[in-house]
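User: Please go through the packing in this structure with me, one question at a time.

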Amino acid sequence: MKIRIIAFSKRGCVLAQDIGRVLTEHSCELYSKTAADAAGTEEVKGPVSEWTKGSFASSDAIVFIGAAGIAVRYIAPYLKSKTTDPAIVCIDDAGRFVIPLLSGHIGGANELAKRIAEGIVAVPVITTATDIRGRFAVDSFAVKNDLHIGNMQVAKEISSLIVDDKRVGLVSEVLISGGIPPELDLGGNEETGIFISHRMEKGPFRRTLKLTPRCHVLGIGCRRGTSKENIETFVKEVLEKEDISIKSVRAVASIDLKNDEKGLLEFALKIKAEPVFFSSDVLASLPDKGFTPSERVKKITGVDNVCERAAFAASNDGEIVLKKTSRDGMTLSIVREKVCLDMKGE
């Protein structure tokens, strides 16, 4: 997580440095806007509003050390959606209270506030209803388990029902361990419910929240200059045939000869999948998984198969569910990773 921290007083600057030492597992940048001693921080030269605008675009979280009102005024013009806004946390410059103001669940502000509070011995002030009542929070669960949230409006409805002591249904095609929260009806007998699946199926409830695990890796090979549109059309047709939701694609993998292939990179960006590339040596060194060999491919790339090997290499010990399929100079293979969700503690 990339975190930007800004302080507005000398004491706040000292606290910013303390927080930076606490959050060593994250990338922290320390800033200040004060006439006092700002040692250890980078001075914001222009308006803080412009700094805030840039921070919204370039960081995962912003921590304001100062009055909550200051933070609210600066972030207000840039708020867009709870699915895209960064986590916003506010801390008084005495370091007594840590308040997540925005993106508590999806952006991770609640967890960040708790982590900071633990590190500087402060009180985390959590205000989201599911948290203060100790209830299951579906959006937080989805983020922690890397699940695509199909409909934020239904997610809000589910949270409201749970807060009002009503149960919601649950149907999962993915293994769940650790027990089912009491707020959920595993029988799926409710009108509103959660459906967890990598398939294209929308779900069994009248009001369904589809959660899709990102458990597939696509291995793709293509001729130089293949367009994004051609790759997208090919992939979508194959996924539909295999009954796999494109929302379940976590990564797109290929050989490093394609690491500058515009169409491939643009396709990965469009579907929000991580592009991953491997050298021919790495691909050739993989254990035998019954990869489909091709002497022609080996002469060109140095390895007998690109798409299957790349998909497997980019996966977490996944299983090949679609061997190499070809069309118009493109090849595609699909690897599925094992998924086991733990709902305990959500």
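Analyst: Phe136 and Phe141 are both buried. The model is a predicted one.

User: How are the rings of Phe136 and Phe141 arranged: stacked, edge-to-face or tilted?

Analyst: The ring centres of Phe136 and Phe141 are 5.5 Å apart. Planes under 30 degrees apart count as stacked and over 60 as edge-to-face. The planes here stand at 50 degrees, so the pair is tilted.

User: How many aromatic pairs are there by this rule?

Analyst: Rings pair if their centres lie within 6.5 Å. By that rule the count is 6 aromatic pairs.

User: What is the geometry of the pair formed by Tyr31 and Trp51?

Analyst: The centres of the Tyr31 and Trp51 rings are 5.4 Å apart. Planes over 60 degrees apart count as edge-to-face. The planes of Tyr31 and Trp51 are at 65 degrees, so this pair is edge-to-face.

User: How many residues apart in sequence are the parts that Tyr31 and Trp51 tie together?

Analyst: Tyr31 counts as buried at 8% relative accessibility, and Trp51 is buried with a relative accessible area of 8%. Tyr31 belongs to strand 2 (residues 27-32) and Trp51 to helix 2 (residues 48-58), so the pair ties together parts that are apart in sequence by 20 residues.

User: Which residue do ring pairs link into a cluster with Tyr31 and Trp51?

Analyst: Ring pairs join Tyr31 and Trp51 in a cluster with one further residue, Phe64.

User: Which element gives the largest share of the largest nonpolar core?

Analyst: The largest nonpolar core has 26 residues, and Ile116 and Ile120 are among those with the most contacts inside it. Elements giving two or more residues to this core include strand 1 (2-7), helix 1 (10-22) and helix 4 (109-120). The largest share, 6 residues, comes from helix 4.

User: How many residues are in the other core, which lies apart from it?

Analyst: Among the members of that other core are Ile106, Ala142, Ile158 and Ile196. Its size is 22 residues.

User: Why do the buried residues of helix 9 line one face of the helix?

Analyst: In helix 9 (residues 262-270), the buried residues are Gly263, Leu264, Phe267 and Ala268. Seen down the helix axis, the buried residues of helix 9 line one face because they fall within an arc of 135 degrees.

User: Which exposed residues does helix 9 carry on the face turned away from its buried side?

Analyst: The buried residues of helix 9 are covered by parts including helix 8 (228-242) and strand 15 (249-255). The face turned away from the buried side carries the exposed residues Lys262 and Leu269.

Terms used
Residues numbered from 1 in each chain as written. Predicted model: local features only at pLDDT ≥ 70, side-chain atom pairs only at ≥ 80, totals over all residues. Heavy atoms only, no water. Buried < 20%, exposed > 50% of the residue type's maximum accessible area, 1.4 Å probe, protein only. Helix = DSSP H or I, 4+ residues; strand = E, 2+ residues; numbered from the N terminus. Arc of directions from axis to C-beta. Contact = heavy atoms within 4.5 Å. Core = buried A, V, L, I, M, F, W, Y, C linked by side-chain atoms within 4.5 Å.
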